[in-house]
Amino acid sequence: RDKALVLYYPLSDQMLEPTTNLITSFDTSFQSYALGTRNLFNDQSGGTQSIVLDPSGRKCFKFHSGGSSERCYFTISTQASKTYTISVEMLSDSYTRSSGNPKLRIERNGGDYSWSGSSNKGYNSNNLNSWQRLSITFTNTSNTTLYVFFYQASGKDVYIRNVQLEEKNHATPYVKTSRTGLTVYDCSGYNRNGTVTASTCPTVVSGSARNSYCCQFDGTDDV
């Protein structure tokens, strides 16, 4: 207690932040599916879905939009009074300004079609033909069925990989199941380095003086 702990971990080690991907209904990396596998998600566009190879030769999900609804989707249950972040990597060679497609969209249904909110995150039109990480953070006021939509303009393609839902207020690097074992470094002079598990991990924030990600403590039971 005679000297405060100052904990940080390098930017290159951000992937060590503990997290759990809550999606278990399908392979969120798409790597276990055979090429050509179709119709993984609910389709509202009359388009086509298939597992293909991306330009690097890695499997991904391809959605070819075919109609006015321009979307396919999946659902997952989320709980009241919790904050979640949904994230996905998208790649497209086109962008439609009038509709903002392609994009990630969420809609929340509290039951009996009592919709409790929606949000969009669009693909950056300045970086076509590149994988972009899109994420949306939200907090539930009730138990909610989360609808996750992938949008693309009619007649266009969008490629998707690394879908993740986690109980955090920010997106962390993708993991298929879970990740634990955040290594933190004590810069107080005592070198009391350690490992933090998901259940004990404090909030991780950026912008420290060391240009690293830091652990932000809440002041309760931290010592």
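The following questions and answers cover salt bridges in a predicted model.

The model is predicted: local features need pLDDT of at least 70, side-chain atom pairs count only at pLDDT 80 or more, and totals for chains, interfaces and linings use all residues. Residues are numbered from 1 along each chain as its sequence is written, and side-chain values use heavy atoms, with hydrogens and water left out.

User: How many salt bridges does the count come to?
Analyst: A salt bridge is a side-chain nitrogen of Lys or Arg within 4 Å of a carboxyl oxygen of Asp or Glu. By this rule the count is seven.

User: Is Asp27 buried or exposed?
Analyst: Asp27 forms a salt bridge with Lys176, at 3.6 Å from N to O. Buried means under 20% relative accessible area, exposed over 50%, and partly exposed in between (1.4 Å probe, protein chains only). Because its relative accessibility is 7%, Asp27 counts as buried.

User: Why does Lys176 count as partly exposed?
Analyst: The class follows from the accessible area of Lys176. Lys176 counts as partly exposed because its relative accessibility is 42%.

User: Which residue forms a salt bridge with Glu107?
Analyst: The closest N and O atoms of the pair are 3.4 Å apart. The partner is Arg71.

User: Which residues are linked in a network of salt bridges with Asp54?
Analyst: The side chains of Glu89 and Arg161 meet in a salt bridge of 2.6 Å, N to O. Both Glu89 and Arg161 are buried. The residues linked with Asp54 in the network are Glu89 and Arg161.
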